[in-house]
Amino acid sequence: MDIIDYKILAAISDGEYHSGQDLANLLVTSRAAICKRIAKLNTFLEENTFNSFYISTAVGKGYCLNHKFDSLCLTTINNNLELSLKKVQLIFSPVIDST
């Protein structure tokens, strides 16, 4: 999974359908590229979430993640830190090369 995959998941994480064209416009790519990414993401989700999450496809509607989820949001985390911890600099990276 890379940053483009993460952006697709973030875009469809609201549980609503999003057209392939809207996703392609958002990521400045083609609908065919989005279709390939969705297939790859579904394989990743199947293998890593034991089929708890999947992206459904509906002709004329687009793509929809089957469960809503909130991705990590640095602003939300910072807003909820105790005052004594606010001096800590947090860096959020949705995808990294290594563990």
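Let us start with helix α1, whose buried residues are Asp5, Tyr6, Ile8 and Leu9. Buried here means under 20% relative accessible area, with exposed being over 50% and partly exposed in between, using a 1.4 Å probe and protein chains only. Looking down the axis of α1, the buried residues fall within an arc of 160°, so they line one face of the helix. That arc is taken from the directions that run from the helix axis to the C-beta atoms. The partners of these buried residues are α2, α3, β1 (55–58) and β2 (62–65), where a contact means heavy atoms within 4.5 Å.

A word on the model itself: it is predicted, so local features need pLDDT of at least 70, side-chain atom pairs count only at pLDDT 80 or more, and totals for chains, interfaces and linings use all residues. Residues are numbered from 1 along each chain as its sequence is written, and side-chain values use heavy atoms, with hydrogens and water left out.

**The overall layout**

The chain comes to 4 helices and 2 strands, and from the N terminus its elements run α-α-α-β-β-α. These elements are DSSP runs numbered from the N terminus: helices are H or I with at least four residues, and strands are E with at least two. Of the 99 residues in the chain, 22% are buried. Among contacts with a separation of 6 or more, 53% are between residues 24 or more positions apart.

A search of the whole structure turns up 3 salt bridges, each defined as a side-chain nitrogen of Lys or Arg within 4 Å of a carboxyl oxygen of Asp or Glu.

| Salt bridge | Distance |
|---|---|
| Asp2 – Arg37 | 2.7 Å |
| Asp5 – Arg37 | 2.9 Å |
| Asp5 – Lys40 | 3.2 Å |

Asp2, Asp5, Arg37 and Lys40 are linked in a network by these salt bridges. Take the pair of Asp2 and Arg37, with closest N and O atoms 2.7 Å apart. Asp2 lies in the segment before α1 and Arg37 in helix α3 (residues 31–49), so this pair ties together parts that are 35 residues apart in sequence. Arg37 also meets Asp5 in a salt bridge. With Arg37 in helix α3 and Asp5 in helix α1, that pair ties together parts 32 residues apart in sequence. Asp5 forms a salt bridge with Lys40 as well. This pair links distant parts of the chain, Asp5 in helix α1 and Lys40 in helix α3, 35 residues apart.

Asp2 is partly exposed, with a relative accessible area of 26%, and Arg37 is partly exposed at 22%. Lys40 counts as partly exposed too, at 42% relative accessibility.

**His18 and its neighbours**

His18 is found in the loop between α1 (3–11) and α2 (20–27). Its side chain makes a polar contact with the side chain of Asp14 at 2.9 Å, and the side chain of His18 also reaches the backbone oxygen of Ala11 at 3.2 Å. A polar contact is a pair of N or O atoms within 3.5 Å; within protein, one must be able to donate a hydrogen and the other to accept it, and residues adjacent in sequence count only if both atoms are side-chain atoms. Leaving aside residues up to four places away in sequence, His18 touches Ala11, Ile12, Leu23, Lys61, Gly62 and Tyr63.

**The hairpin and the cysteines**

Strands β1 and β2 run antiparallel and are joined by 4 bridges; two strands pair if DSSP finds at least two bridges between them. Ala58 has Gly62 in β2 as its bridge partner. The hairpin has 3 residues between the strands, and Gly60 takes a positive phi near 85°.

Finally, the structure holds 0 disulfides, a disulfide being a pair of cysteine sulfur atoms within 2.5 Å. Cys64 is buried, with a relative accessible area of 7%, whereas Cys35 is partly exposed at 44%.
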